[in-house]
Amino acid sequence: MIPELSNTTVFMKDRERVQNILQSMMKAGSNTLQVISDFDMTLTRFAHNGNRCPTCHNILDNSKLISDECKEKLTELFNTYYPIEIDVSRSVEEKLPLMVDWWTKAHELLVQQKIRKDLLAMVVRESNAMLREGYQLFFGHLHEHSIPLLIFSAGIGDILEEVIRQAGVFHPNVNVFSNYMDFDESGVLKAFKGELIHIYNKREGALLNTGHFQELRTRPNVLLMGDSLGDLTMADGVQDMENILKIGFLNDKVEERKQAYLDSYDIVLVKDETLEVPNGILLYLTGNK
């Protein structure tokens with residue numbers, strides 16, 4: 001049906017169920033479809049040539065806008081909290097307050113750095129940020145078929161938008177929910193706006209943005225893409241959902257986490273740095289296969 005689903009990186013607990021969902025979505029037509037995706041390490045690469053690729057926070061953390069002392073503190077935070085984030089033996093409830101601590105402390109450190117808005121584009125240009133291979137087809141095809149793409153990110157919205165802008169794919173069908181910087185009148189970072197979005201409260205973010213989902217009521221079929229178990233709630237704001245197909249990128253700590261991903265995502269992509277599978281699915285759902 002979709003040749004990419006036979007790729008060696010693809011794992012499914014219930015192949016028949018996946019095929020049924022896809023057939024049902026295809027019959028309904030692409031004008032009933034919306035795509036909801038995480039950004040860091042879902043639309044961007046986890047690694048390239050053996051080196052880790054940066055997240056939105058890393059792009060800033062690794063840049064020359066941040067002092068060495070601040071970099072050390074941010075690294076300490078990462079070393080403390082990242083192992084907790086990916087620890088499958090801890091419950092989400094247990095992780096929640098710890099993730100809030102991590103994000104809040106990191107954002108406070110960034111605010112102390114007096115970051116200038118007009119330097120963000122340069123920081124992104126000089127970084128090793130990379131969208132996954134096949135991103136032109138992914139973004140282009142969604143745009144061409146007027147399929148809304150909602151990017152839901154615990155990263156930094158200003159950096160995220162700059163990454164897709166510089167890649168030439170920030171099309172009008174793309175909406176971003178993320179943590180946005182608040183600059184003073186001279187263009188210096190003074191705070192972060194609104195409610196904090198971190199890796200495990202995307203459900204609340206989805207429900208806060210019901211206005212967005214209201215506009216998309218005629219699109220009850222959802223393709224969801226993420227790389228963490230926290231991403232599974234991103235579609236909770238969608239009303240009257242008919243079908244949802246969940247694609248999970250398992251980038252790291254594969255053996256420990258594979259079963260949990262197979263139990264939660266319909267399709268699990270193991271160490272796959274491309275968008276080949278989502279693209280194959282999109283082409284099928286829009287009648288191009």
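In this predicted model, 35 residues of domain 1 are in contact with 30 residues of domain 2, contact meaning heavy atoms within 4.5 Å. Domain 1 covers 3–47 + 130–286 and domain 2 covers 51–126, with bounds that come from an automatic or database domain assignment, and their centres, taken over C-alpha atoms, are separated by 21 Å. Because the model is predicted, local features need pLDDT of at least 70 and side-chain atom pairs count only at pLDDT 80 or more, while totals for chains, interfaces and linings use all residues. Residues are numbered from 1 along each chain as its sequence is written, and side-chain values use heavy atoms, with hydrogens and water left out.

The size of an interface is often given as the accessible area lost when the parts come together. Between domain 1 and domain 2 the buried area is about 2,900 Å², and carbon and sulfur atoms give 75% of that area; the value is the accessible area (1.4 Å probe) that the two parts lose on being put together, summed over both. On the side of domain 1 that touches domain 2, at least two residues each are supplied by strand S5 (149–156), helix H7 (157–166), strand S7 (181–183), strand S8 (189–192) and helix H10 (254–264), where helices (H or I, at least four residues) and strands (E, at least two) are DSSP runs numbered from the N terminus. H7 gives the largest share of that side, six residues.

Taken as a whole, the chain has eleven helices and eleven strands. Its radius of gyration, taken over C-alpha atoms, is 19 Å, close to the 19 Å that the globule rule gives for 289 residues, so the chain is as compact as a globular protein of that length; the rule is 2.2 Å times the number of residues to the power 0.38.
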